[in-house]
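Student: I have a structure open and want to go through some of its contacts. Can we take it one topic at a time?

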Amino acid sequence: MAAPLEIRNSPSGKILPAVGPFLLGGIFGFGALQGVTWGANSGHVLWIALLAAACLGLGVFIARGAFDSSVKVTLDSQGFRDARAGDVLVPWNKVRSVRLAAGGKGAAMLNFELTEQPPDAIRYSSANAFGLMPFGRNIVHMEISSLDVRGEDLLDAVKTFAPHVAVKR
């Protein structure tokens, strides 16, 4: 029996998307400082400073996941679970097929076709934007671009843990 596969956030998958908001925050912050030194209308300077703070806050929010070392997705002989969306076990006997949403190394989603509707914890999770997302009646999308594993490696793990599941590349 194979050891469980525990997947965590990818630091580069979290820090690189935060570069844009940090850059914009720096530009707006510099503009606010210039406005103060040139004696611009304080209302306009305040709005620019608020934009700078909002952009920097967004950058911190996005980048904070790079320092989260907790397990996000687990695949084992029982099934799979995604801590980002309900942390509920989906048993392999309820999975009909799995495929990469887009081919190659850049695949950002795995699509799981289930034999029945996803559990309520997945369907009604407030974190669906970051993990499993129900689509249609029995399809669940798992976002993997921010994780420290390639899509091909996940498909190989599904083959190992659940040989009866159809794997589509």
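Student: Which residue forms a salt bridge with Arg8?
Tutor: Keep in mind that this is a predicted model. Arg8 forms a salt bridge with Glu6, and the closest N and O atoms are 4.0 Å apart.

Student: Is Glu6 buried, partly exposed or exposed?
Tutor: Glu6 is partly exposed, at 45% relative accessibility. Arg8 is also partly exposed, with a relative accessible area of 30%.

Student: How many salt bridges are there?
Tutor: The count is seven. Among them is the one between Asp68 and Lys72, where the closest N and O atoms are 2.4 Å apart.

Student: And is Lys72 buried or exposed?
Tutor: Buried, with a relative accessible area of 12%.

Student: What does Lys94 pair with?
Tutor: Lys94 forms a salt bridge with Glu116, with 3.1 Å between the closest N and O atoms. This pair links distant parts of the chain: Lys94 is in the loop between E4 and E5, and Glu116 is in the loop between E6 and helix H4, 22 residues apart.

Student: Which residues are linked in a network of salt bridges?
Tutor: Asp82, Arg84 and Glu143.

Student: New topic, the rings. How many aromatic pairs are there?
Tutor: Two. In one of them, the ring centres of Phe80 and Trp92 are 5.6 Å apart with the planes at 45°, so that pair is tilted. Phe80 is in strand E3, while Trp92 is in the loop between strand E4 and strand E5.

Student: How are the rings of Phe80 and Phe112 arranged, stacked or tilted?
Tutor: Stacked, because the planes are at 20° and the cut-off for stacking is under 30 degrees. The centres are 4.1 Å apart. Phe80 lies in strand E3 and Phe112 in strand E6, so this pair ties together parts 32 residues apart in sequence.

Student: Are Phe80 and Phe112 buried or exposed?
Tutor: Both Phe80 and Phe112 are buried. Trp92 is buried as well, and ring pairs link Phe80, Trp92 and Phe112 into a cluster.

Student: Now helix H2. Which of its residues are buried?
Tutor: Pro21, Gly25, Ala32 and Gly35. Seen down the axis of H2, the buried residues fall within an arc of 85°, so they line one face of the helix.

Student: What is exposed on the other side of H2?
Tutor: Leu23, Ile27, Phe30, Leu33 and Thr37.

Student: Last one. Which residues form a nonpolar patch on the surface?
Tutor: Phe22, Leu56 and Val60, with about 240 Å² of accessible area together. Val60 is in helix H3.

Terms used: Residues numbered from 1 in each chain as written. Predicted model: local features only at pLDDT ≥ 70, side-chain atom pairs only at ≥ 80, totals over all residues. Heavy atoms only, no water. Patch = residues over 30% accessible without salt bridge, like charges linked within 9 Å, V, L, I, M, F, W, Y side chains within 5 Å. Areas by Shrake-Rupley, 256 points an atom, 1.4 Å probe, with all protein chains shown as cover. Salt bridge = Lys/Arg side-chain N within 4 Å of Asp/Glu carboxyl O. Helix = DSSP H or I, 4+ residues; strand = E, 2+ residues; numbered from the N terminus. Phe/Tyr/Trp six-rings, centres within 6.5 Å; stacked < 30°, edge-to-face > 60°. Buried < 20%, exposed > 50% of the residue type's maximum accessible area, 1.4 Å probe, protein only. Arc of directions from axis to C-beta.
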